[in-house]
Amino acid sequence: MKPALLALLCLLPSVTLAEQVGEVGVDWVGNDIEIDAIADPKVEGVTCHIAYFDRGLLDRLSKGNWFEDPSNASISCRQTGPILIGDIDRDKDGEDVFRTSRSIILKSLRVKRIYDEKNQTLIYLAHAAELTEGSAKVSLSTVPLYGTDAKWADE
């Protein structure tokens, strides 16, 4: 994990850390697709894998824009063990599970968890958040609780 990302995440105690599990080189200028595993800190037994683009040094030198990475990301979340649901936010807005900066100030990549009570499903949404304007770059994954032995910590 990059030192800047680690430093930022240390300042955000309510957000979990990602563990890099893969890296795919996509061109000769050092651009990569990184794949991180993110364990949901409030839902044991659920792991999300997120893939995102990381610009290389040569790309940054040739195009300028030194301090910014694209916001695009893809997410896939699955049950990876017995599910134990802690004190999660059940509002329609959900809550952040993970976030990382994609530029010095203006842009971040976030993963939110939303609980769909009617359909007994956890929804994980990866999206870009920008201060200057919104972004339509989103990716969605769901973890159905129906038919599992999912337990609530408060029950």
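Which residues have the most contacts inside the largest nonpolar core? In this predicted model, they are Val43, Val111, Leu122 and Tyr124, within a core of 23 residues. At least two residues of this core come from each of β3, β4, β5 (95–101), β6 and β7. Strand β3 gives the most, with 5 residues. In soluble globular proteins, nonpolar side chains tend to be buried together.

The surroundings of Val43 were examined with residues up to four places away in sequence not counted. On that basis Val43 touches Ile83, Leu84, Ile85, Ile88 and Arg113, as well as Leu122 and Tyr124. Leu122 and Tyr124 are also among the core residues with the most contacts.

A search of the whole structure finds 1 disulfide, which is formed by Cys48 and Cys77 with their sulfur atoms 2.1 Å apart. The pair links distant parts of the chain, 29 residues apart: Cys48 is in strand β3 (residues 43–54) and Cys77 in strand β4 (residues 73–85). The disulfide is right-handed because the torsion about its S-S bond is about 105 degrees. Buried means under 20% relative accessible area; Cys48 therefore counts as buried at 2% relative accessibility, and Cys77 is likewise buried, with a relative accessible area of 0%.

Gln120 has a positive phi of about 50 degrees, although it is not a glycine. With a relative accessibility of 36%, Gln120 counts as partly exposed.

Note on methods:
Residues are numbered from 1 along each chain as its sequence is written. This is a predicted model: local features need pLDDT of at least 70, side-chain atom pairs count only at pLDDT 80 or more; totals for chains, interfaces and linings use all residues. Side-chain values use heavy atoms; hydrogens and water are left out. Buried means under 20% relative accessible area, exposed over 50%, partly exposed in between (1.4 Å probe, protein chains only). A disulfide is a pair of cysteine sulfur atoms within 2.5 Å. Helices (H or I, at least four residues) and strands (E, at least two) are DSSP runs, numbered from the N terminus. A nonpolar core is a set of buried Ala, Val, Leu, Ile, Met, Phe, Trp, Tyr and Cys residues joined through side-chain atoms within 4.5 Å. Contact means heavy atoms within 4.5 Å.
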